[in-house]
Amino acid sequence: FGNLARAEELFREIISRSPYSYYGLRSRYRLSHSIDPLPPIPYADSLLIEFPKKKVSHLIRSPAFLKAKKLIDLGLGERGAETLREAISAQALTQTSWEFQYYVAALYTMAGDHLSAFSILYGLQKSHLPVLPHEHLLILYPKKYWSLVSRYARHYAIDPYLTLSIMRQESAFDPAIISPADAYGLLQMTPYMAKEMGKKLGRPLQLRDELLNPTLNLLYCTSYFSGLLKKYKGNLVLALAAYNANDR
């Protein structure tokens, strides 16, 4: 509303709280004329993490934890993640070393529960960013479904990393998620909009649950977002807002 002094105050508050977050970086960009450059993150060099096992022996030797690991090793990720949550509550995990928390985040990633892994790593970034291995960014920003993402991105002239970003925000890479707003799958499309896209693409939607298929979900949603970018003349902010609002 034209109050530049108040805006700068808020930008600086965001930067002080979360300097490396998206909003922290955007705020720093806005204040680039009056704020020092952001120093590089001093990530550790190694992915090999050792944690003090004696302090968490009661956790890692529990039947639930051992069962969770076995399920994850067998490729039964959904059940493994559920059992892991039963074995170690979020509150109990925060009382352990950062190394062990990182290890559990890696287990959740292996189980396909990216949202739980993200939650742990966000906390570690706030408290232990300088000692985190730089590879933790691969856990925070995985290239899931990359072959499909890149194929449709090329076809519809969209940055594949933008598609990944939307997918990460909308579903945390869970293809089976259905929101309270009746949006389905990786990129969270409603059956109503999917029927519209199916007619347009000559690939009609037969059943709602087809939207839980990553291939069809990506086809419909990438085409839809491409159309929004054209509609709003490449304005990414407006296109993303329209996508979220299910704009036709």
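The following questions and answers cover a pocket, a residue and a helix pair in a predicted model.

Residues are numbered from 1 along each chain as its sequence is written. Local features need pLDDT of at least 70.

Student: Which helix gives the largest share of the lining of the second largest pocket?
Tutor: A pocket is an open set of points on a 1 Å grid over the protein atoms alone, where a 1.4 Å probe fits, with protein on both sides within 12 Å along at least five of seven lines; lining residues have an atom within 4 Å of a point. About 250 Å³ of space lies in this one, and among its 15 lining residues those closest to the centre are A90, L93, S116, S119 and I120. Helices are DSSP runs (H or I, at least four residues), numbered from the N terminus. The largest share, five residues, comes from α8.

Student: Is L129 buried or exposed?
Tutor: L129 is found in the loop between α8 and α9 (136-140). Buried means under 20% relative accessible area and exposed over 50%, with partly exposed in between (1.4 Å probe, protein chains only). The relative accessible area of L129 is 11%, so L129 is buried.

Student: How are α10 and α11 oriented to each other?
Tutor: Helix α10 (residues 146-156) and helix α11 (residues 160-171) pack at an angle of about 125°; axes are lines fitted to C-alpha atoms over the stretch in contact, and angles run from 0 to 180 degrees between N-to-C directions. Angles under 35 degrees count as roughly parallel, over 145 as roughly antiparallel, 65 to 115 as roughly perpendicular and the rest as oblique. The two helices, α10 and α11, are therefore oblique.

Terms used: Predicted model: local features only at pLDDT ≥ 70, side-chain atom pairs only at ≥ 80, totals over all residues. Heavy atoms only, no water. Points joined across faces, edges and corners; volume = space filled by probe spheres on them.
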